[in-house]
Amino acid sequence: MLKGMFKKTTYINITNEVINEIAGAPKADVPVEVPEGLWTKCPKCGQANYTKDLKESFFVCGHCRHHLRMGAMDRLEMLLDENSFTSWDGDVETGNPLEFPEYPEKIERARKATGLDEAVVTGTGRIDGLETAIGVMDAAFFMGSMGHAVGEKITRLIERATKMRLPVIIYCCSGGARMQEGMISLMQMAKTSAAVQRHGEAGLAYFTVLTDPTTGGVTASFAMLGDVIMAEPGVLVGFAGPRVIEQTIGQKLPKGFQRAEFLLEHGLIDAIVERQDQKEVLKKLILWHQPGCLDDENRGALE
Ligand SMILES: [Zn+2]
């Protein structure tokens with residue numbers, strides 16, 4: 001019976017505007033997310049979810065199990081032990097090397113809208129008592145695009161983890177390289193990949209979780225270099241988008257091309273893991289990759 005009542009998408013938009021107006025916020029070009037909105041419409045099945053329930057179910061639609069976009073801070077809260085997170089390198093500066101018009105202003109607006117300093121949050125925390133270095137990208141900040149600051153934060157995360165002998169987990173999510181920074185964005189692919197290589201040579205484990213969407217330069221660098229690569233159900237993972245490929249090769253692409261299930265079937269990723277299981281799976285992976293994990297006295301923990 002309630003189904004028909006919340007069908008209009010405008011409901012949430014009106015709520016945002018009203019709240020902004022009450023708060024006296026200036027009108028921004030970027031849409032402002034209001035997590036306190038009463039209902040959130042699932043972009044896949046169109047059904048309304050009670051926002052409070054949605055947060056408790058890690059932003060998975062109660063009707064169709066679609067994994068909605070999730071912010072970096074919500075993910076950290078989902079994965080890490082309470083109060084165990086220490087943020088690193090929040091002060092890496094986002095420059096404007098090409099003097100791209102209005103770029104600094106857009107960064108400022110994204111900062112205000114998301115509360116993040118850049119498109120990735122990095123640091124260290126504990127998963128059921130196991131310490132790990134972790135980076136989480138956020139699509140709400142410039143579509144998770146990788147410029148100098150994102151590449152630098154990820155490189156520092158991996159380098160520091162190598163020194164501290166910690167595993168690294170990165171939740172990837174990106175529209176690709178940040179075009180406003182041109183070639184400097186592309187350099188980040190080599191820089192982050194080299195850091196991953198040195199971390200691996202030190203005998204340490206690196207896990208990636210691909211979330212929607214993981215594309216462009218992030219896919220072509222650290223996202224696909226995980227010792228174990230996982231993805232959330234149904235996510236888009238690719239280098240160029242499907243439309244660009246179709247236009248280039250002049251052919252129609254197979255159904256489900258570049259979706260997580262297709263990639264798993266074709267051996268590009270190792271597993272699809274639902275959000276509710278991610279903490280447990282990551283915990284086991286960290287345990288399995290610890291030195292001495294196969295010794296008799298430690299075997300119990302692996303069950
Ligand atoms: Zn749904």
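Guide: With a relative accessibility of 3%, R75 counts as buried, where buried means under 20% relative accessible area, exposed over 50% and partly exposed in between (1.4 Å probe, protein chains only). The model is predicted, so local features need pLDDT of at least 70 and side-chain atom pairs count only at pLDDT 80 or more, while totals for chains, interfaces and linings use all residues. Residues are numbered from 1 along each chain as its sequence is written, and side-chain values use heavy atoms, with hydrogens and water left out.

R75 forms a salt bridge with E232, and the closest N and O atoms are 2.9 Å apart; a salt bridge is a side-chain nitrogen of Lys or Arg within 4 Å of a carboxyl oxygen of Asp or Glu. R75 belongs to helix α3, whereas E232 sits in the loop between β8 (228–231) and α8 (242–249), so the pair ties together parts 157 residues apart in sequence. Helices (H or I, at least four residues) and strands (E, at least two) are DSSP runs, numbered from the N terminus. E232 also counts as buried, at 1% relative accessibility.

Helix α3 (residues 72–79) packs with helix α10 (residues 275–288) at an angle of about 55 degrees, their axes being 9 Å apart. Axes are lines fitted to C-alpha atoms, for helices over the stretch in contact, and angles run from 0 to 180 degrees between N-to-C directions. That angle makes α3 oblique to α10: angles under 35 degrees count as roughly parallel, over 145 as roughly antiparallel, 65 to 115 as roughly perpendicular and the rest as oblique. The contact (heavy atoms within 4.5 Å) is made by R75, M78 and L79 of α3 together with R275, Q278, K279 and L282 of α10.

The structure holds 17 salt bridges. One of them joins the side chains of K191 and E152 (2.7 Å, N to O). This pair links distant parts of the chain, with K191 in helix α6 (residues 183–201) and E152 in helix α5 (residues 148–164), 39 residues apart. K191 counts as partly exposed at 24% relative accessibility, and E152 as buried at 18%.

The side chains of E246 and K252 also meet in a salt bridge (3.6 Å, N to O). E246 is partly exposed at 22% relative accessibility, while K252 is exposed, with a relative accessible area of 72%. Finally, salt bridges that share partners join D89, E152, R156, R160 and K191 into one network.
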